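Hi,

Have a look when you get a minute.

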Amino acid sequence: MIGKLFKAHGVFWEPQNTMYGETFLGDNPFCSNETCRSLLTQANLGSDKTGHYIYGWLCTNCGKEYPCPGNDYQELARKVNRIYEGYKRLNYQVYSLDLPPTKVKEDAEDENYWVQARISEKNGKRMAVVYFGERVKGKQTQEDYVQVFLDFEDEQLRFDKTNKNPMKLLGKLTAEFPESSVTLESKKSKKND
């Protein structure tokens, strides 16, 4: 993240390299004034109505003052560093150690139809994906088959709208979970009931 500034509590912070190769945010932030971005100096910014000193940073280049929340530079730097560590992990793949490791894949087909089912983990949640469709001569496209998602944790049944709607091939699709069941039913099936 070198070459990037991160804004927190009104000032900019810059990642630094240590001799161990890790990055952390330095104790002194930078001015957030668009035309300045100078290194700030810790300063006593005066006192509040009760007479307590207000500590913060002063930009010796443009003169802008930035109060330090809580008047504790080190604690604020630690807090910003923890937030930065979380930011670095935003796009990490999540794996659950609470779930038993599993990867199930099953295929079946005949001369007219095919189905493929997978149970795995996505973002720390156990999910099932079921693909099915009619056999197509030539190249199969997304609109030729159905993709259904079963979210075990949230007990939801969803399908990918960029693929074929499951109700174009089925009359009814029901997923039964421990606490609930979800049913998709075609309009034709409802009329026949």
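Predicted model: local features only at pLDDT ≥ 70, side-chain atom pairs only at ≥ 80, totals over all residues.

Of its 193 residues, 28% are buried. The exposed surface comes to about 13600 Å², with carbon and sulfur atoms supplying 49% of it. As for contacts with a separation of 6 or more, 28% of them are between residues 24 or more positions apart.

The largest pocket holds about 270 Å³ of space. Its lining has 13 residues, and the ones nearest the centre are Ser 120, Lys 122, Met 127, Val 129 and Phe 149. Two elements give two or more residues to this lining: strand S9 (113-122) and strand S10 (125-134). S9 gives the most, with 5 residues. By type, the lining residues of the largest pocket split into 6 charged, 5 nonpolar and 2 polar.

Staying with S9, have a look at Gln 116, which is found in that strand. Is Gln 116 buried or exposed? Buried: the cut-off is under 20% relative accessible area, and Gln 116 counts as buried because its relative accessibility is 17%. The side chain of Gln 116 makes a polar contact of 3.2 Å with the side chain of Arg 118. Beyond four places in sequence, Gln 116 touches Lys 105, Glu 106, Asp 107, Val 129, Val 130 and Tyr 131. Val 129 in that list is also one of the residues nearest the centre of the largest pocket.

Next, Tyr 73, which sits in helix H1 (residues 73-88). With a relative accessible area of 11%, Tyr 73 is buried. Which backbone oxygens does the side chain of Tyr 73 reach? One belongs to Ala 43, at 3.2 Å, and another to Gly 56, at 2.6 Å. Tyr 73 and Gln 42 are 31 residues apart along the chain, and their C-alpha atoms are separated by 8.3 Å.

Then there is the loop between S4 and S5, where you will find Ser 32. Ser 32 counts as buried, at 12% relative accessibility. Leaving out neighbours within four places in sequence, Ser 32 is in contact with Lys 7, Gly 10, Val 11, Phe 12, Lys 64 and Tyr 66.

Arg 37 lies in the loop between strand S4 (23-25) and strand S5 (41-47). Arg 37 is not a glycine, but has a positive phi of about 60 degrees. Its relative accessible area is 35%, so Arg 37 is partly exposed.

His 9 is another one for the backbone checks: a positive phi of about 60 degrees, although His 9 is not a glycine. You will find His 9 in the loop between strand S1 (6-8) and strand S2 (11-13). His 9 is partly exposed, with a relative accessible area of 34%.

Cheers

Conventions:
Residues numbered from 1 in each chain as written. Heavy atoms only, no water. 1 Å grid on protein atoms, 1.4 Å probe; cavity = no way out; pocket = protein on both sides within 12 Å on 5 of 7 lines; lining within 4 Å. Points joined across faces, edges and corners; volume = space filled by probe spheres on them. Helix = DSSP H or I, 4+ residues; strand = E, 2+ residues; numbered from the N terminus. Nonpolar A, V, L, I, M, F, W, Y, C, P; charged D, E, K, R; others polar. Buried < 20%, exposed > 50% of the residue type's maximum accessible area, 1.4 Å probe, protein only. Contact = heavy atoms within 4.5 Å. Areas by Shrake-Rupley, 256 points an atom, 1.4 Å probe, with all protein chains shown as cover. Polar contact = N/O pair within 3.5 Å; in protein donor to acceptor, adjacent residues only side chain to side chain.
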